[in-house]
There are 2 protein chains.
Amino acid sequence: MTENAAQNDPPTPLALPRGIRFAGAAGGIKASGKPDVSLIVTDRPAVMAGVYTTNQIVAAPVVLTRSKTPTSTGRVVLTNSGNANACTGEPGMQDAKAMCDLAAKLTGCDASDVMVMSTGVIGQPLPMEKVRAGIEDAAGKLGDSEADFLASADAICTTDQFRKTVSQTVVLRGHEYRIAAMCKGAGMIAPNMATMLGVVMTDAPIGPDAAQASLKLIANETFNRVSVDGHTSTNDTVMLVCTGMSESDGIEEFGPDELAVWQEVATQVALQLAKMLVADGEGAARFFEVRVSGAANDEDALVIAKTVAASPLVKTAITGGDPNWGRIVSAAGYAGPKIQPERTCLVMDGVMVFENGTPLSIDAAKLSQAMKANSEVLADLKVGDGTGKASFWASDLTEAYVRFNSLYTT
Amino acid sequence: MTENAAQNDPPTPLALPRGIRFAGAAGGIKASGKPDVSLIVTDRPAVMAGVYTTNQIVAAPVVLTRSKTPTSTGRVVLTNSGNANACTGEPGMQDAKAMCDLAAKLTGCDASDVMVMSTGVIGQPLPMEKVRAGIEDAAGKLGDSEADFLASADAICTTDQFRKTVSQTVVLRGHEYRIAAMCKGAGMIAPNMATMLGVVMTDAPIGPDAAQASLKLIANETFNRVSVDGHTSTNDTVMLVCTGMSESDGIEEFGPDELAVWQEVATQVALQLAKMLVADGEGAARFFEVRVSGAANDEDALVIAKTVAASPLVKTAITGGDPNWGRIVSAAGYAGPKIQPERTCLVMDGVMVFENGTPLSIDAAKLSQAMKANSEVLADLKVGDGTGKASFWASDLTEAYVRFNSLYTT
């Protein structure tokens, strides 16, 4: 897309999973003329799993794709950007099905093996002529080069400032398995809400049930731990594609130990994407990590971390480079889970500012300067003597965010 | 305080409950020299009840006052602004007790009958010499005039743009009972967090248990239904003071039916205060009400209303005068309680924009103009066929809010 995109791309050569072709095309769904149709096609039937938005108001493509996963006969992940096909009623469902039909016809598979995702404006019918033109164009350009992969990653973006891709290898059984992944930004975007979409692809041999279980765990540790503004979209989807077409093709599926190793690497890949997504949050100036320990259990720690990260007061303090322990500690206090106020400690960027319920005398101006000099801020909060811990990543809250989102757009 | 204050004061003559004297004084806790000590003293032992912050990080005055209510021997409500006496450890508790001791001595009662509240900076020791000076000054100025009442209301403010008072009468048994109330703003304020404090006073004959139960219900319908930024403070407190010293003094306490009538009026008084509090939210440009109906029950409706009101995307749309149904409907979708998407309808300021899950064709520009022309916006959201309903009031989210709260202040 832009110079920005190049800066954020992973180092080449990319470790693209074998057995997958990619394409991006501009069908004209976006008025800007930017790419808006992405195709990911496996050479042979592949395992595909998905995790989806928990919003009860849910877009047609989510309903349709959700009904098809997990599967071991998946062939296509088709994405359009520029229109979310959400709140579009029965005609929207017909459009989503028509997209699958066309992609199936052009790639020589069954429509039931095509997964579809959409992102963009909600409440408007898909411009199907343009969608069809984009799909046809993309189908004619499928390839397995790095340029093809990046083109498909470009085409899922909406107001993202840069495309988001990560690739990584993991060696098991003496073979190199590849993982490549892309996502597009959450965080809310004119003219309506945007969506987090992601695709994690691998040539590792993983069965459909294992893939579904693994994807859920991966998403819980990564995409479910980041927030721009806490607004859950109608379209959020992450797909996992496993072609199994590695050097060890034909060998049996991963056992539990192998899967655990693969999953650890895939989680790191997804975490890198998730952090990019926060860094690209609308209007975001600074990125912060809330690390909670000492809670009764991990679930409690996550609730506390999420509550701290969601507080507008905390977010604006981060924007201002303000080591404002009062806002962070008090957010932990209203999060819900039991904490031990007299055992609560807070370390901001390596400086303890609050110890066992008592503020410490610190050089606040110096700490603020250090925070302002970094694009990332770490708040390390201990809330008691428990063993529960969790991390959460969030963008700050800036005037630019408000400006973007208060522009008249309907 | 200012011209603003005069504009927002209730019409005179105020219906001040009999048997209460008031004062405000400037002890110098605030560097600005503005009033920072408020005294409310009953002529005789009075019923006092309280509801308090649910934050686990809780200020010393809350711990102390909470242990004294409900009571039928209350005499004093003492408030200081400019310093919250929160996160101040055991010395903070000693200071809170010393405040009660001094007020008791000056007004001729027992320290156990003095309720204390604090608001302002957290994590700093109270400047006790200044606090003492303020209490002594206030005790010397106690009076039952309207000016005295307004002076005590001024003295509880922090960065409030205007003082907040309401008064009302209710006639029962052929007698006029009076209700007067004051509060200071929630919404978050430099240099740290601020607090919602409120005092509802009446000369009605209500016993301690009935007062406590009634205050809880009143607060749940009013102060617990407003939000500036959802950050619960360490100091939030609302007190109910019932002197019983009305024209019907000596007659028995209100029965259930009389109490219900009184409570209805007191709820309206508290609701007016609560709305003022939102209107004075930091950086707030526009005020909005979310009215949810059709939920399975009232609790579900409240969760949905609160979630919609807390969404930064919804808040920024309100700021922009944008009838953005997608943001509101999708916030309802992720709130948690079950909704019926195909039965969901949204009316913005009297214009139906979304009906039974389908967007309507509306003149969005005209509706936006109407929204922009008003300082209040009403979103009326039906989420199904249930009987549950609830209202919630919130401020919008402006660049000014972010600017205020991201200034370096520690």
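## Basis of the model

The model is predicted, so local features are given only at pLDDT of at least 70 and side-chain atom pairs only at pLDDT 80 or more, whereas totals for chains, interfaces and linings use all residues. Residues are numbered from 1 along each chain as its sequence is written, chains are lettered from A and ligands numbered from 1 in the order in which they are written, and side-chain values use heavy atoms, with hydrogens and water left out.

## The interface of chain A and chain B

Chain A and chain B each bring 60 residues to the contact, where contact means heavy atoms within 4.5 Å. The buried area between them is about 4,500 Å², and carbon and sulfur atoms give 58% of it; this area is the accessible area (1.4 Å probe) that two parts lose on being put together, summed over both.

Two salt bridges cross the interface under the rule, which asks for a side-chain nitrogen of Lys or Arg within 4 Å of a carboxyl oxygen of Asp or Glu. A salt bridge links A:Arg403 with B:Glu399 at 2.7 Å, N to O. On the side of chain A that touches chain B, the elements giving two or more residues are helices H9 (312-319), H10 (325-334), H11 (364-373) and H12 (399-406) of chain A, and H10(A) gives the most, with eight residues. Helices (H or I, at least four residues) and strands (E, at least two) are DSSP runs, numbered from the N terminus.

## Enclosed elements of chain A

Helix H9(A) is largely enclosed by the rest of the structure, because seven of its eight residues are buried, that is, under 20% relative accessible area, with exposed meaning over 50% and partly exposed in between (1.4 Å probe, protein chains only). The buried residues of H9(A) include A:Pro312, A:Lys315 and A:Ile318, and just after H9(A) the residue A:Gly321 takes a positive phi of about 65 degrees.

Strand S1 (residues 20-25) of chain A is likewise largely enclosed, since five of its six residues are buried. Six bridges join S1(A) to the antiparallel strand S2 (residues 37-52) of chain A, and A:Gly24 stands opposite A:Ser38 in S2(A); two strands pair if DSSP finds at least two bridges between them.

## The open sheet of chain B

In chain B, seven strands form an open sheet of mixed pairing in the order S8-S15-S10-S14-S11-S12-S13, with S8 (226-227) and S13 (358-359) of chain B as the edge strands. Strands S10 (residues 287-295) and S15 (residues 388-395) of chain B pair in the antiparallel sense over seven bridges, and B:Phe287 has B:Ser395 in S15(B) as its bridge partner.

## Salt bridges

Over all chains, 28 salt bridges are found. B:Asp380 and B:Arg291 form one of them, with the closest N and O atoms 4.0 Å apart; B:Asp380 lies in strand S14 (residues 376-382) of chain B and B:Arg291 in strand S10 of chain B, so the pair ties together parts that are 89 residues apart in sequence. Another joins the side chains of B:Asp160 and B:Lys164 at 2.7 Å, N to O, where B:Asp160 is buried at 9% relative accessibility and B:Lys164 is buried at 0%.
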